[in-house]
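Trainee: May we work through this model together, one question at a time?

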Amino acid sequence: MDIDFEANLSPDVLGEFAHLVSERALTGETMLLNMGPQHPSTHGVLRLLLELDGEEVVNCIPDIGFLHTGIEKNMEAKTYLKAETMTDRLDYLNNLGNNLTYVMAIEKLADLDVPPRAQAIRVLLTELQRISSHLVWVGTHALDAAAMSVFLYCFRDRERILDIFEMVSGQRMMTTYFRPGGLWRDTPVEFEAAVRDFVRYFPPRVEEYANLLTKNPIFMRRTKEIGHLDPQTALQYGVTGPMLRAAGIEHDLRKAQPYSGYELYDFDVPTHTDSDTYARYLMRMEEMRQSNRIVEQALNKLPLGPVRSNNRKYVTPPRSEIGISMEALIHHFKLWTEGFLPPKGSVYAATESPRGELGVFLESDGGPTPYRVHWRTPSFTNMQILPILAKGHLVADLVLLIGTVDITLGDVDR
Amino acid sequence: MDLGLWIEWIVKAIILIVVLLIGFMYLTYMERKFLARFQNRYGPNRAGPVGLLQPMADGIKLIFKEEVIPKQADKLIFILAPVITVIPAWVILAVIPLGSIQLFGRTIDFSLAGDLNVGILYIMAVTSISVYGIVLAGWSSNNKYALLGGIRSSAQMISYELALGLAFVGPAMMASSLSLARIVEAQSKTVWFAVLQPIGFVVFLVAALAEINRSPFDMPEAEQELTAGYHVEYSGMKFAMFMLTEYTKMIVVSVIAATLFLGGYHFPFLTDRWPWLGPLVLFAKVIILLFGIIWVRATLPRVRYDQLMALGWKVMLPAALLNVFITAGVMYVLGMIA
């Protein structure tokens with residue numbers, strides 16, 4: 001009995017990909033292997049059609065869409081405020097970052113003011129979110145290399161961050177905490193102590209993971225000189241985030257076009273020139289340390305004051321006012337039924353998500369629901385680079401390469 | 001042959017199989033429990049006190065699972081493969097010396113085939129067979145992942161068998177015998193061969209990990225790459241048999257390591273005074289080695305396939321040869337060989 005190469009050639013197997021594989025696959029000289037969408041290491045429901053020569057990847061064809069949820073279209077059917085809950089579900093490791101991008105777009109569209117306390121809390125929580133996203137990344141990356149303990153250590157520490165999110169928003173992941181014009185509500189009293197606790201707790205933990213991986217000869221040999229990406233290709237493909245910075249290009253939206261008051265904080269944007277999997281690993285480890293610095297600074301100079309704008313056309317009044325003010329009651333009613341009506345126009349807002357530039361394009365026709373929403377998601381853009389990275393490497397490397405691109409399938413498919 | 005000898009053999013064989021089966025079950029428990037503690041978890045703690053009945057629960061579950069045989073699989077080989085893998089793992093233990101006592105007016109040797117004079121050769125021969133099971137399992141499943149796993153394992157096990165075999169040579173030379181009992185005796189007269197043969201010991205440990213497909217050399221079943229490797233299509237008891245093999249081999253390899261390099265059933269002063277402690281001493285040594293194997297699994301990432309082969313041929317094999325060379329040289333200088 002032998003592997004049925006004829007089956008490889010049948011239209012059901014190759015389908016629309018037939019023109020993408022090499023000639024050798026059609027003669028049965030190379031093997032076609034379906035990796036995913038149910039595969040433990042594709043970080044979700046990503047399907048890769050692999051053309052293998054032995055264990056060497058000749059061609060890698062990503063096939064996406066298995067997690068398509070129609071978020072963009074769905075958002076167009078909801079009022080601006082209700083649509084925000086959809087953003088949580090985009091990149092499920094960067095919920096607050098998605099919230100931030102979305103509310104920033106609305107604030108830009110409507111020219112809303114945001115109180116400084118709200119800005120500082122936004123920065124603080126988004127950086128915590130970055131740490132938590134990178135923790136998942138380090139954990140799964142190590143797990144892809146089969147160092148499984150790191151994964152559990154990372155999840156142990158991520159739990160503390162999720163606890164903080166739950167404390168402020170009532171939800172561990174689907175937060176919807178940032179609202180147009182500020183925050184949903186002020187942080188609870190125990191918030192500052194919890195964050196301070198985490199800021200102190202975290203740095204030794206990063207070193208713990210680094211001890212297990214950074215100088216580990218097996219890990220170094222698995223990651224060094226794997227998946228080299230030259231800066232030119234990276235720019236051509238629109239790669240952003242740690243992938244781009246590992247290629248030596250210092251581009252970070254937090255520095256390039258500071259938003260939400262990032263210019264007030266002192267932090268470094270790590271870059272590297274090796275541009276391989278190991279460099280990208282070092283980059284993300286360093287980013288966690290830097291994020292921790294930002295969190296600490298934000299916590300130390302957290303201003304007091306309101307957390308919501310006073311613009312009553314966009315931000316609901318506090319409940320205490322409803323009983324005594326007719327206008328407040330009307331605003332409350334209008335905002336929760338019809339929603340707010342931003343002026344006509346289109347706007348693009350972008351933040352630096354843990355994966356790269358996360359942008360949202362909003363077009364308003366003056367009505368209560370967005371006319372068009374488009375997300376520019378870093379996972380989608382960065383994943384285009386995967387076939388280029390994978391070519392010529394082994395299947396075992398491919399698993400690490402999927403990790404190094406750091407995709408979230410919710411972010412890819414939307 | 002007298003009847004007493006037959007009874008002795010049968011009793012010992014049954015005891016050995018029961019010990020191995022229970023050992024397998026509780027090794028899975030031990031691994032899960034220790035791994036859990038390494039990773040800030042509790043591990044199994046629901047079935048029975050501190051989860052002690054978990055292996056039973058797993059066993060019962062696997063027995064009642066449906067046995068799926070893929071439509072395009074080669075049925076005979078598919079069914080035979082787990083059997084081919086599991087039997088060698090069991091029969092190796094027959095030649096491990098466990099010490100002896102005087103009972104019922106005769107010398108009772110604890111081990112099954114007591115003093116087989118080619119014990120080491122027997123171990124080498126038998127371990128080599130189990131690779132067939134894995135290759136055939138990978139091939140007969142008619143699954144590309146399983147096939148890749150099977151190919152990997154055949155290459156890996158053949159490469160590492162050489163280094164493993166050469167690591168056996170050191171102790172055999174020191175004891176001037178291929179019999180495991182003689183090797184243990186030689187160690188009881190001097191010191192453990194792990195001290196006298198440090199290179200050989202390290203080569204043996206690394207090669208043994210590769211031979212039994214344990215982390216960081218668990219290439220054939222690389223979960224992250226090949227989902228489960230050669231046993232991806234197996235379910236129910238056939239799957240359990242592969243697990244049985246893997247864990248039995250862990251025990252067996254630890255027993256061999258303890259016997260060849262750590263003095264086997266002998267412990268200075270202790271077993272000289274109370275010879276019946278022999279099996280317990282060996283058991284303690286095996287537990288320590290098993291703990292090491294689990295610790296490695298909790299800590300290290302997996303070596304890549306080509307790097308594994310490079311390590312086997314370019315580092316392990318020369319190191320093992322060097323060890324044999326040095327041993328011979330030192331023994332010649334000391335006048336231990338003519």
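Trainee: Which residues does Thr214(A) touch, not counting residues up to four places away in sequence?
Mentor: This is a predicted model, in which local features need pLDDT of at least 70 and side-chain atom pairs count only at pLDDT 80 or more, while totals for chains, interfaces and linings use all residues. Residues are numbered from 1 along each chain as its sequence is written, chains are lettered from A and ligands numbered from 1 in the order in which they are written, and side-chain values use heavy atoms, without hydrogens and water. Contact means heavy atoms within 4.5 Å. With that sequence limit, the residues touched by Thr214(A) are Tyr209(A), Met220(A), Tyr278(A), Tyr281(A) and Leu282(A).

Trainee: Is Thr214(A) buried or exposed?
Mentor: Buried means under 20% relative accessible area, exposed over 50%, and partly exposed in between (1.4 Å probe, protein chains only). Thr214(A) is therefore buried, as its relative accessible area is 15%.

Trainee: Which side chain forms a polar contact of 2.8 Å with that of Thr214(A)?
Mentor: A polar contact is a pair of N or O atoms within 3.5 Å; within protein, one must be able to donate a hydrogen and the other to accept it, and residues adjacent in sequence count only if both atoms are side-chain atoms. The partner of Thr214(A) at 2.8 Å is the side chain of Tyr281(A).

Trainee: What is the strand order of the open sheet in chain A?
Mentor: Strands (E, at least two residues) are DSSP runs numbered from the N terminus, and two pair if DSSP finds at least two bridges between them. With antiparallel pairing, the three strands have the order β1-β2-β3.

Methods:
Helix = DSSP H or I, 4+ residues; strand = E, 2+ residues; numbered from the N terminus.
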